[in-house]
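Please read them with the structure open.

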Amino acid sequence: MPKILLKNVTKKFKKVVALNNLSIEINDGEFFIILGPSGAGKTTFLNVIAGLEKPENGEIYFDGDLINNITTAKRDIALTAENYALYPHFTVFNNIATPLRSSANKNRYNTKQIREKVDRITKMLNINDLLGRMPSELSGGQKQRVALGRALVKEPKVLLLDEPLAHVDAKIRNQLRTEFHFLKEKFQTTTIYTSHDYKEAISLGDRIMFLNKGEIQQIGIPEIIYNFPKNTTVALNVGWPEINLFDCSVNFKNSQLYCPKGDFIYNISGNVLKYLKIYGKSEYIVGARPQHISFSDKPSDIYNLKAICGTSEVYDNQTVFYVKIKNLDLTILVNDPDLSLMLEQELWLGFDDQSLIFFDKETNENVKLKK
Amino acid sequence: MATVSLKNVYKYYWSKKRKVEAVKNLNINVRDKEIMALLGPSGCGKTSTLRMIAGIEEISKGELYIGDELSNNLTPAQRNVALAFEDYALYFHLTVRENISLCLKAKKINSNVIEKKIKNVSDILGIGDVLDLKTTTLSGGQQQRVSLARALVRNPSIFLLDEPISHIEIQKRYRILAEIKEVNRKFGSTMLYVTHNQTEAVAVGARIGIMNFAELQQVGTRDEIFNNPVNLFVAGFVGQPPINIIKCKIISEKDTIILKVENSSLKFIPEAKIAKILYKLNLKEVILGLRPQNIFIKKISEKQKSIKGIIEVVEFLGEDMHLVSRNGDQKFSVYCNVDMGLKKDKELELFYDQNKLHLFHPETEKLISV
Amino acid sequence: MNKRKKLGKNVFANLSTNVILILSFSFLLFPVYWIFTMAIKTNPDILTYPPKFFFQPTIKGFQYILGLTKVTGATGVSAGVESYFLIGIKNSIVVVVSTILISLAAGLPAAYALARSKLKSKENIAFTILSFRFAPPLLVIVPLYLLFSKIGLYNSYFSLIWVYQLISLPMILWIVRGYMEDIPIEIEQAGMVDGHSRIWIFFRIVLPLAKGGIAAGTLLAFIYCWNNFLFGMILASVNVQPVTVQAMRYLTPDAIMFREVAAICIGAALPLLILSTFLQGYLISGLSMGAIRR
């Protein structure tokens, strides 16, 4: 039985449809990530599951029980908001102890038990020395941990995390993301985690749901979402730099594809052609991830597309090059921060055609996922 | 020549009867036509430095030279510097065009010339289609570009930027950095770019100056800073994932020095010339820094030494991977290309080059080098 | 050379700013100074022209309004004069404090409802309540007098407390509602998720976080109610009238007791000063509660 089941859930705000007829199953103990740009409906989704918003239509089940009419307080969930929503006038200790003192709590804890539980959780989150502080005295990363502590201390059935790393400093964000792996292990709670950062999603998620404008674009494991994006929207939002997209037509006789914008012809291998033939069309949008385009300073069989080099930037451990083939702009990612090329230098590019993604020109959908 | 030189510059102010030093003995030179990034955590003094150069804050002690001119007492207008600050402060009741041309109109420049300049600048920054809109209707990214255009159109010799992209949507952020570099290339304006984000600093700056606690720690290119960090702070601040910092005990075995890690079986072997210095300094302990990018899962050369670790966390990040490995009680990060064969609890042999080990004095935290 | 120019400019700017500030404050505080000196002058000193700025002070005025001065009647019996001041203070305190308490009891929950409700007519209701402040009391005083006398409410604490709600309730409601709207709703939602009832959230989260607004609203309402003259004068008689109206009783047919009127003014203002000082801390902390802001 799935832990959480949504059937045809729709949520509207006046005329805007925030969630459009969603049906999803989330399994027990799963770390389920909702990925999407801002405005996609991620916070609304969490609020509907928490009971803070009532859907216009649809049913929500926890462990098989319909919970539409159960109030938030009785739903045995925990939620961390994007801006942490700590009680500003309570100390860290009292913030974390609050869920244990509520009337809706199934158990009644005495002062000693509350103290023990808060101690245990804060030790695990490394905030045990902050118990007497007020939220205004904490850094972003510390506030985030207190919010997590408050959520985890009551051992909820379902944990809802709304963009937990969005407002943390870049440096700390990566560290916290790694720490989430350890927390995931320790707590094993069914979790729904929202983010607009694909790295968080593919690093932490057991499964990822890509949500855009209230509609599900794709649900799958991280490797599938990254390597087999269902449509151009998912492909553009997952991966950095953005995937290169350009129109092409396929000539099956010569095993070639022709790109009008760059005015070039490229040979493609037999097995790639095979599934394109099965699909049947000859006009596609081709997606080439920046790390799957390679180049050489001399032309050869593999590197045969002439391009002019533009600017480049070093990002941490990689270099991004902006190149141009006639009118086509391409971004290339190289895993070497020390590589530099001259502006206006001539390059010869080659595509790793096994990793090229073909999208239907009309529906924008990934050809490989249409069987 | 649009250079900026600070000689023995100090900035202090008084807070609750105590003297607070925001900038201590700063000596830095920004070269003509260079983009220099000034990097450091909040409160390190980088913004105070920028404001002193701009002329909106007094220099408490020391000299500021813009070009060859001593500029301490010049007003901001007289210094011919343009500012692009974090909250861009556009005139919201004016259109984009009016915002950009305001300063030129004040200087009574011919309106034809103004038109030409506006067209030029808006082409480079891609805001040609929003020129006649009110600034309040624009997105954060567009507003930032207008702020840059407004500064640029004055043809300043020096551009001062303070966290200019922090409020822009993530996808657009790095494109604006590319545009800023384009501006520097095309117009040859010297730029000083202040930020706390090391990724930005490395992407935009030809050289990077790192500050901490009011003092300049190091100035250099990305390579210089990565490969020769002057102290532990610099090593730890620049680089993503951050450098592994491991406390080691120095043990002399036969003729060599070996660095052992407590509660684990990790052993690091420094280069001979560094080992000699450790011996001379008679140290018992040392702090070791090894970048995750310099730990490899496959042996690349014969000279490489090895260490063992069990994988605790595998982070698949799309274009690359991040591993957390454990040996005894010591955890360390490894950065590598995508390899789907790596799974949790797998035992790995990992390789490193001796010359990539950075050793820091346990008390002064300075780099131990030849 | 540039530095010297800057310095000169600064000194002149500072000096002229200070002079303007001193002049403005003198102008504003002059009436207070005048009344205060009038309260401690001897009667001849009050009436001399040109006015005396240096004089021999006396506390006879304050003694009189406090009823400490003894008068000997025709029969030779001496007794203290009636202290209109103490009667007035007692009435003011009873009426205004009760008014504020009732306004808080009704206004705080109302403010919360108007802050969080999803009713379409929310703004209309709120504005209607505020509009009571727009009507000048003079407009309604005559009908009110007729009505109150008919139903036997003339000259009672109850009627004054009721009528004063027109002043204090809208004020408290509008100010506190603003503060409550500024509380991020996620904090209240966190309370719900933590399992607490709406009542708990209201008393333990909303009210503490709106402390600044409650203090500000209470202080303002208190000041306006305390200073009110018209309602007390028309709708009540001497045993119920607040201190503002009691001051009038020192304008007797025999003599206009300037000094005593001035003394009662000072005396009437004192409670307000004390209250403001006491609540000032809350006002400031309410305004600077940085933890709420993102």
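1. What percentage of the 370 residues in chain B is buried? This is a predicted model, and in it buried residues make up 39% of chain B.

2. Chain B holds ten helices and 20 strands. Its C-alpha atoms fill a box of roughly 80 × 50 × 40 Å along the principal axes. Of the contacts in chain B between residues at least 6 apart in sequence, 66% join residues at least 24 apart.

3. Chain C is assigned domain 1 (2–80) and domain 2 (84–287). The C-alpha centres of these two domains of chain C lie 30 Å apart. Contact between them involves 13 residues of domain 1 and twelve residues of domain 2. On the domain 1 side, the elements giving two or more residues are helix H1 (2–39), helix H2 (43–47) and helix H3 (60–65) of chain C. By class, that side has nine nonpolar, three polar and one charged residues.

4. Also in chain C, the axes of helix H7 (residues 157–182) and helix H10 (residues 211–227) come within 8 Å and cross at roughly 160 degrees. Angles over 145 degrees count as roughly antiparallel, so H7(C) and H10(C) are roughly antiparallel to each other. Their crossing is right-handed.

5. Residues making this contact include C:Tyr164, C:Ile167, C:Met171 and C:Ile175 from H7(C), and C:Gly213, C:Ala216, C:Leu220 and C:Tyr224 from H10(C). By class, the contact of H7(C) with H10(C) has 13 nonpolar and six polar residues, with no charged residues.

Methods. Residues are numbered from 1 along each chain as its sequence is written. Chains are lettered from A and ligands numbered from 1 in the order in which they are written. This is a predicted model: local features need pLDDT of at least 70, side-chain atom pairs count only at pLDDT 80 or more; totals for chains, interfaces and linings use all residues. Axes are lines fitted to C-alpha atoms, for helices over the stretch in contact, and angles run from 0 to 180 degrees between N-to-C directions. Helices (H or I, at least four residues) and strands (E, at least two) are DSSP runs, numbered from the N terminus. Angles under 35 degrees count as roughly parallel, over 145 as roughly antiparallel, 65 to 115 as roughly perpendicular and the rest as oblique. A crossing is left-handed if the near helix is turned anticlockwise from the far one by less than a right angle, and right-handed if clockwise. Two residues are in contact if their C-beta atoms, placed from the backbone, lie within 7 Å. Ala, Val, Leu, Ile, Met, Phe, Trp, Tyr, Cys and Pro count as nonpolar, Asp, Glu, Lys and Arg as charged, and the others, Gly among them, as polar. A residue is buried if 20 or more other C-beta atoms lie within 10 Å of its own, exposed if 12 or fewer, and partly exposed in between; C-beta atoms are placed from the backbone. Domain bounds come from an automatic or database domain assignment.
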